[in-house]
Amino acid sequence: MRIAVTGSIATDHLMTFPGRFADQLVADQLHTVSLSFLVDNLDVRRGGVAANICFGMGLLGTHPILVGAAGSDFDEYRAWLDRHGVDTGSVRISEVLHTARFVCTTDADHNQIGSFYTGAMSEARLIELKSVADRVGGLDLVSIGADDPEGMLRHTEECRSRGIPFAADFSQQIARMDGDEIRILLDGATYLFSNEYEKGLIESKTGWSDEEILAKVGHRVTTLGARGVRIERAGLEPIEVGCPEEEVKADPTGVGDAFRAGFLSGLAWGVGLERAAQVGCMLATLVIETVGTQEYTLRRTHFMDRFTKAYGHDAAAEVRAHLG
């Protein structure tokens, strides 16, 4: 099963200031503020929702196709993804813009000052999915994640016109989209991904009830934090899957992306929805135990031991047959 994942490709530049921002701010001079902070360290992490999802799918051996836009500074990142089983042949490289990045400084009180540079991500709207499909011999599913909003709309409309099944996954972009855009992006989706808060926001912005949305999508997949995930289909009982026990809670960043990576990999393997959700929850647990979105490793024996403990021998036997 050939799955393309569209969405952002970015790097995070994270710095730590040992003092307090509040001590550097003069109340009656904020209109002319000009400050520079000497930081202790710089942590550069790979990120972006599409790249995070593809990294996890690559570790699971399902050879995802990354579709997004990056800058000429993408070479090292591309090599990293290639080494981890991701097809990066459909990433558009901008001739003038750098890869999107988030630059953030955190002080001793955990206050943050940050900026997000969109950069090459704005060129995602120029990517045609037909050229991607032609290159790889067709697409069975396109997951449309947070990206340049015009790019998300173009990919959705192209999937509809070409009859390619698609998953709607707005995540961070839902905050800036209006009801009309959200209605376009979800109508006819085979899968609709969101967390609980986003689920309510989708209903509020579209004016559609939960039942009306279920009538417009094949499957509604809602992540529930520590409680796992719920999968709903019109007229059928929901499927609910819990999370494996965590060994440590290090960093929640990227957990949702990891769930999607596992779930989509399960679909690629052809296992059922419950089993796919279990794989997603297991992978998400590995990520929450690691600082960074692509810093975890997948050791087959360790993964399967924990999967067996959480979901039983029958479930593990089915997954083990696919896990490389």
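Analyst: Contact means heavy atoms within 4.5 Å, while helices (H or I, at least four residues) and strands (E, at least two) are DSSP runs, numbered from the N terminus. This is a predicted model, in which local features need pLDDT of at least 70, side-chain atom pairs count only at pLDDT 80 or more, and totals for chains, interfaces and linings use all residues. Residues are numbered from 1 along each chain as its sequence is written, and side-chain values use heavy atoms, without hydrogens and water.

User: Which elements are included in what covers the buried residues of α4?

Analyst: Buried means under 20% relative accessible area, exposed over 50%, and partly exposed in between (1.4 Å probe, protein chains only). In α4, the buried residues are Pro 149, Gly 151, Met 152, Leu 153, His 155, Thr 156, Glu 158 and Cys 159. Their cover includes β1 (3-6), α3 (129-136), β9 (141-144), β10 (166-168) and α5 (179-186). After α4 comes Gly 163, with a positive phi near 70 degrees.

User: How is the order of strands in a sheet read?

Analyst: Strands of a sheet pair through backbone hydrogen bonds, either parallel or antiparallel. Two strands count as paired if DSSP finds at least two bridges between them. Here, an open sheet of four strands runs β3-β2-β7-β8, with mixed pairing. Both β3 (41-47) and β8 (112-117) are edge strands with a single partner strand each, so one side of each has no neighbour in the sheet.

User: In which sense do β2 and β3 pair?

Analyst: Strand β2 (residues 10-16) pairs with β3 in the antiparallel sense, over seven bridges. Met 15 stands opposite Leu 42 in β3.
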